[in-house]
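Hi,

Here is the structure I promised to pass on to you. My notes on what turned up in it follow below.

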Amino acid sequence: FPFPYTPYRIQEQFMEALYGALEAGRVGIFESPTGTGKSLSLICGALSWLRDWEEKRRQEEAQLLALGAGGQDALSPQQARPGSADTAGQPDWVTAFVQKKEERDMVDRLKEEQIRRKKREDRLEKIRHNVQLKYAAKRKRCEEDEAKRLLQLSKEALSQGAGEDALDQLDHNEEELILAEYESDDEKKVASGLEEDDDDDLEEEHVTKIYYCSRTHSQLSQFVHEVQKSPFGKDTRLVSLGSRQNLCVNEEVRRLGALQLINDRCMEMQKNKHEKKSNEENEGKKRRVSHTVCPFYSFEQMQFLRDEVLVEVKDIEQLVSLGRETKACPYYGSRFAIPAAQLVVLPYQMLLHEPTRNAAGIKLKDQVVIIDEAHNLIDTITCIHSAEVSGSQLCCAHSQLSQYMERYRKRLKAKNLMYIKQILYLLEQFVAVLGGNVNQNPGCQAVSQTGTVLKSINDFLFQSQIDNINLFKVQRYCEKSLISRKLFGFMERYGGPPSAVKTNKENEKLAGLQDFLLTLQQGSEKEGTPQSPPVEAEHEQLRTASPLMQIEGFLSALTNANQDGRVILNRQGTVGQSSLKFLLLNPAVHFAKVVEECRAVIIAGGTMQPVADFREQLLCCAGVDPARIVEFSCGHVIPPENILPIILCSGPSNQQLEFTYQTRDLPQMMDETGRILCNLCNVIPGGVVCFFPSYEYEKQVYGHWEKIGLLSRLAAKKKIFQEPKKANQVEQVLVEYAKCIKRCSQTGGQMTGALLLSVVGGKMSEGINFSDDLGRCVIMVGMPYPNIRSPELQEKMTWLDKTMPRAGGQAPSRVLIENLCMKAVNQSIGRAIRHQKDFASILLLDHRYARPAIFNKLPQWIRERTQVKPAFGSAFAELRKFHRGKLDAL
């Protein structure tokens with residue numbers, strides 16, 4: 001395998017196993033601890049396979065073409081045998097003719113493909129070496145810009161002095177808010193061919209490729225940089241895909257902020273482009289409508305961008321700046337590059353959500369998919385396909401839509417009115433189910449029966465009396481008519497903050513809306529982007545105040561199969577605070593398509609233990625043959641003596657450590673935890689990271705230590721930091737924490753470093769590295785079991801017990817709880833060791849970790865080196881010896 005440096009033995013094993021899985025078309029679960037160069041192993045293993053596969057294909061094609069040229073009329077031995085009749089009873093000359101025709105067709109098809117491929121390679125080669133081409137394209141753009149500017153100036157000159165024209169213009173803007181005449185898909189079959197004519201010449205064969213997806217934008221960028229540095233960086237055709245939010249270069253659209261609004265605005269501008277032609281022909285007969293078309297959506301420029309992308313590996317940032325420079329849309333330009341690409345890098349959502357996948361033009365048939373950072377894959381699929389709407393959003397949407405219908409009633413066609421009335425009826429029924437009335441302020445309506453109720457989809461549809469409405473049709477209408485976009489435009493115009501409203505007759509009608517917008521604003525403040533300054537935040541909330549978008553997601557979720565999901569009616573104090581949530585129980589239904597269509601699927605991560613979840617809940621439920629599943633787990637590159645994991649069963653005063661919901665709040669338990677930390681901070685240099693099961697418990701323990709004076713004893717040795725709840729403060733805390741450790745190591749003295757109190761599943765337990773001095777010891781207080789009282793979790797447990805077989809004598813629900821707990825533990829404790837020369841101790845405080853069922857769910861490289869210590873004395877001695885030895889070695 002080509003590699004930028006001499007690979008570790010485990011990297012070679014990883015690449016060999018990966019190559020084997022891709023060659024045999026398997027579904028692989030691959031585990032390689034962070035710090036072992038997993039990304040590079042994935043790149044070099046997968047691209048080596050792809051290169052060999054392409055070479056093999058080329059040789060096969062050459063053979064076939066040679067045969068085709070030489071022996072057009074030669075019959076195969078079976079055809080030449082006299083008197084043989086086909087199984088279907090056809091004479092053999094018919095069979096021979098059919099087979100020959102198939103062979104001829106195949107040869108012709110191969111020839112065409114070769115010509116197309118040759119054209120593409122020549123084009124890319126030309127771009128690679130021909131700088132003049134780029135200049136020509138640039139000059140052409142400048143000429144077009146200049147022409148546009150002059151045209152604009154002459155238009156302005158003409159319109160001056162035409163006062164009534166200016167008034168007319170205002171009217172045009174409002175025309176955009178009116179829904180176009182709606183035809184359902186059935187009536188539109190003939191017309192649909194029109195739009196696709198434009199991109200016929202862009203239709204290209206999809207070459208065999210690898211789709212690589214990860215969770216965050218930064219992880220994908222990191223991966224692309226790894227590809228650039230790898231031996232494959234120069235000659236791999238790689239495309240980075242992202243959302244419009246990341247890739248749009250049209251400032252007017254970007255300013256909308258919210259993803260859904262950006263998507264809708266973009267779609268509308270394209271629709272305008274397609275409608276423009278027909279409108280120009282009917283200019284005289286029809287009313288004139290001012291339609292904005294996106295200046296970056298130009299096929300010529302996007303084709304140029306596509307070729308540029310394929311010539312050289314680029315990450316999202318480079319793609320965006322190229323789009324700005326070439327005046328071409330990176331979002332669509334990158335999509336045009338998919339067919340010819342060898343490696344497509346994209347976020348989870350794009351691959352796992354079928355409608356998004358289809359919209360992006362991603363074809364999975366016979367392709368390879370690698371899902372990295374997949375430890376949360378099941379939760380991710382569940383989240384992508386779940387949806388929640390609050391009572392205030394429902395009431396607000398109803399109010400907005402009623403006002404919209406009233407204002408434009410005379411202008412809307414019958415079909416539009418029919419669908420709007422259906423949506424209004426749905427909203428009324430949803431609010432009624434929550435125990436409220438859409439015509440009253442949701443913030444003032446108290447709910448009589450509070451609590452949470454779970455219903456199957458069918459029961460929910462019956463109870464809300466909407467089982468007679470075809471939700472598929474309503475959903476399609478929302479998509480095609482862009483009604484939420486029109487409604488948002490309408491609200492921007494008439495639903496501004498109270499100060500901006502001129503109280504004319506028209507706006508008096510709309511005044512009631514302000515109440516709803518304000519209640520919505522208070523609701524969205526909780527999730528609002530904390531980074532933005534207050535003024536901007538307020539603006540943002542009015543921006544995202546198009547609740548219908550959220551509701552469309554919920555309607556779409558209700559079209560899932562009855563057995564695969566539940567609707568949660570969550571009734572709180574007022575109707576506004578209550579909510580309806582769709583919960584997906586069976587993620588396998590959405591993953592099945594991926595596994596069925598792909599040649600091979602690789603699920604990879606740093607800590608994939610416990611693996612049983614993926615095998616049973618995801619793969620077996622999706623109908624994967626167990627023989628097709630392959631598992632690979634490799635050790636760590638660090639030497640065994642660089643890690644000391646200890647399970648501690650009791651504390652310094654022989655108090656047994658068991659942090660269950662019943663015992664963890666006892667003062668003696670919190671005292672014992674404090675004593676353990678005090679002792680450890682005396683002997684461990686640098687940074688100590690201590691994980692608690694929840695924010696509440698961490699706060700409680702901190703308060704208790706403060707009261708009994710233990711905190712000041714701790715603070716004498718280590719400066720204490722707490723994980724913030726707000727995401728935008730994490731960076732600041734980490735910087736201060738790192739500075740403090742660095743200062744202490746340089747100055748020496750009483751203070752030896754810092755202690756960071758964190759929370760499992762919080763901001764610090766994933767994606768943040770405590771390498772070297774930042775994390776010399778990781779402590780896990782208790783076992784972070786999920787909240788078993790949560791109705792969602794209870795429903796999932798019931799569903800698993802009904803649908804899954806018992807594993808090793810344990811109920812599937814029990815296994816789920818343990819697996820969720822251990823996945824969280826493994827993620828957190830894996831933070832400390834980040835590279836080959838790093839070292840750290842890991843302390844698990846709870847005797848339950850020593851139970852075989854739990855112990856076996858630790859990652860193999862930690863499990864092999866773990867010691868179980870019944871008493872604190874011997875554990876403390878081991879830790880002191882370990883850290884002293886490491887200090888002396890340094």
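A word on classes before the notes: Ala, Val, Leu, Ile, Met, Phe, Trp, Tyr, Cys and Pro are counted as nonpolar, Asp, Glu, Lys and Arg as charged, and the others, Gly among them, as polar. Please also keep in mind that this is a predicted model.

Let me start with the second largest pocket. By that scheme, its lining comprises 22 nonpolar, 12 polar and 13 charged residues. The lining has 47 residues, and those nearest the pocket centre are Asp 379, Pro 786, Asn 787, Leu 793 and Leu 820. The volume is about 1600 Å³. Where does the second largest pocket lie? Domain 1 (387-493 + 546-587) and domain 2 (643-888) both give residues to its lining, so the pocket lies between them. As for secondary structure, at least two lining residues each come from α17 (377-384), β9 (579-584), α28 (612-620), α33 (791-803) and α34 (812-829). The largest share, eight residues, is supplied by α34.

The largest cavity holds about 120 Å³ of space. Its lining consists of 14 residues, with Cys 248, Cys 266, Cys 294, Cys 329 and Tyr 332 the closest to the centre. Both α11 (259-281) and α14 (330-336) give at least two residues to this lining, and α11 gives the most, with three. In the lining of the largest cavity, 11 residues are nonpolar, two are polar and one is charged.

The second largest cavity has a volume of about 50 Å³. Around it sit Leu 42, Ile 43, Ala 46, Leu 47, Ile 210, Tyr 212, Phe 223, Leu 343 and Ile 370. Two or more of these lining residues come from each of α2 (38-70) and β2 (210-214), and α2 gives the most, with four residues.

The axes of α18 (residues 391-408) and α26 (residues 547-557) come within 9 Å and cross at roughly 115°; the crossing is left-handed. On the α18 side the contact is made by Gln 393, Leu 394, Cys 396, Ala 397 and Gln 400, and on the α26 side by Pro 547, Leu 548, Gln 550 and Ile 551. Six of the residues in this contact are nonpolar, three are polar and none is charged.

Terms used
Residues numbered from 1 in each chain as written. Predicted model: local features only at pLDDT ≥ 70, side-chain atom pairs only at ≥ 80, totals over all residues. Heavy atoms only, no water. 1 Å grid on protein atoms, 1.4 Å probe; cavity = no way out; pocket = protein on both sides within 12 Å on 5 of 7 lines; lining within 4 Å. Points joined across faces, edges and corners; volume = space filled by probe spheres on them. Domains from an automatic or database assignment. Axes fitted to C-alpha atoms, helices over the stretch in contact; angles between N-to-C directions. Left-handed = near helix turned anticlockwise from the far one by under 90°. Contact = heavy atoms within 4.5 Å.
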